[in-house]
Amino acid sequence: MAKITASSALARFRVLDLSRVRAGPTCVRQLADFGADVIKIESPPGVDPNEGMGGPRDGPDMQNLHRNKRSMTLNLKLPEAREVFGRLAKTADVVVENYRPDVKYRLGVDFSSLEKLNPRIILASISGFGQDGPYRDRPGFDQIAQGMSGLMGVTGDPGKPMRSGAAIADVAAGLYAALGIMTALLERESSGKGQWVQSSLLHSGIGLLDFQAARYLMKNEVPPQMGNDHPTSMPTSAYQTSDGYINVACSGEGMWKRLCNVLGRKDLLAAAEFKDNEGRSKNRAKLNALLSQSFIGKDSKSWVDSLNEAGVPCGPIYRMDEVFADPQVQHIGAAAEVSHPRLGRSRIVAQPARLSRTPATIATATPEIGEHTQEILQELKYSDKEIAQLKERGAV
C-alpha cells in the first residue's frame, strides 16, 4: 500500500502540544489532520502520575485523538528541559496547553514568557472555567461543565437532569480553541504578532446551548427539560415503531399536513387544538400519544421510507454498529483506516471538515511515547553529546 502523505493545508505551521485528556487533543487534532507539524510533548515515563489520563496508549481514545503527530519527551520541571522547550518555541507557531491556569506560569509556558522568545507565537489555553475569576483554580471535567453550563438542565425527561452521551463540553472547548487559533493565525498575516487564545469547558457548553440560552437572555424564559421533544416546534420527537424508534422533525404547516396524510390521520388536521404550531406545542402530550398510536403499527424502515418520500424529515435512531453500517455514513467516509506498526490496521473517526483541494488526511498513527525525541533534538541542532547529556539528566 502506498504511503499516505499528510495534507498540505497547514504544513507550514508547527504546533507544540502540551495538552492531555480530550479538550486539548481535540483542538490539536484539527490542526494535525490538515498537515501541521504537531509535536506532542510528554513527560518521560514515570515522571508525571497524570500522564495516563488519556487512557491506555493502545486504546481507541489515544489512537483516535493523537494521530498525525510526532512525540518527544521533556521533563519540564527541569531547567534543561525548559531550555529545550524554549528553543522549540522559537521555531513554533502555536502552543496548546490545558494545564491548571497557575501551572503554565511555573513552567514558563505562559504567553508573556513565550512572547519574549517568539513575538509571533500563538498560545491556546483550554481550561475548565477560564484563566481568571472565582473558579479559575477548580479542576474542570466534561460532566461538571455540562451541569454548570445548563446543558444537563435542558437534556432528558422532566425532573431528572441528564448528561449527553458524548463529551460535548470537552469537544466544543477544543473546537472553539482550534477556531480561535485559526483566526489568530489569519490575523497574524497582517499584524505579524501572536496572541493568547482562550477557551473553557464552561463557556463552550453555554455556547452550545445557542437558542436555549438566548431564550433566557432575551425573554427571561427558563427552558425546561423536554425529553425527546423539540422545545418549540412540534411534532418533533422520537416515536416508537413496531421494531424500534424513529425521529420525526415536523416544523411548519406544510410538513404537518404531509405527516398527517402519510399516517392517514386527517382527523388530526381537523382538530382545533392542533391547528398551528403553538397549539401543537401546548398540547404536545396529547399529540404525541395520538401519533404514537399510528407509528406503532409499522416498522421503522417502512415509516422512514414513506415519510422521506413525502418530504417529512425523519430518520432511524441507531446503535453505534448501525451508524457505521449505514450507506450514507460509509459514503461520506466517517471512518478512516490507519496503520500502526505494532497494532496493525484499525479504524478511527475521520476528520468531519472536508476541503476540496487540500483535504485532511490521516497519514500516521499515534506515535509511541518519545518516538521522535532524537529526531526533533537533532532538528534543533543539539549534538549527539548534548542529547546524551539530556537523557542522562532525565530531561528527555
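The model is predicted, so to speak of a local feature takes pLDDT of at least 70, side-chain atom pairs count only at pLDDT 80 or more, and totals for chains, interfaces and linings use all residues. Residues are numbered from 1 along each chain as its sequence is written, and side-chain values use heavy atoms, with hydrogens and water left out.

The helix pair. Helices here are DSSP runs of H or I with at least four residues, strands are runs of E with at least two, and both are numbered from the N terminus. The axes of α6 (residues 142-149) and α8 (residues 201-209) come within 8 Å and cross at roughly 50 degrees. Axes are lines fitted to C-alpha atoms, for helices over the stretch in contact, with angles from 0 to 180 degrees between N-to-C directions. The two helices are therefore oblique to each other; under 35 degrees counts as roughly parallel, over 145 as roughly antiparallel, 65 to 115 as roughly perpendicular, and the rest as oblique. Contact, meaning heavy atoms within 4.5 Å, is made by Asp-142, Ala-145, Met-148 and Ser-149 of α6 with Leu-201, Leu-202, Gly-205, Ile-206 and Leu-209 of α8.

Next, the loop between α9 (211-219) and β7 (236-240), where Pro-235 lies. Met-234 and Pro-235 are joined by a cis peptide bond, with omega about 5 degrees. Asn-220 lies in that loop too, and has a positive phi of about 60 degrees although it is not a glycine.
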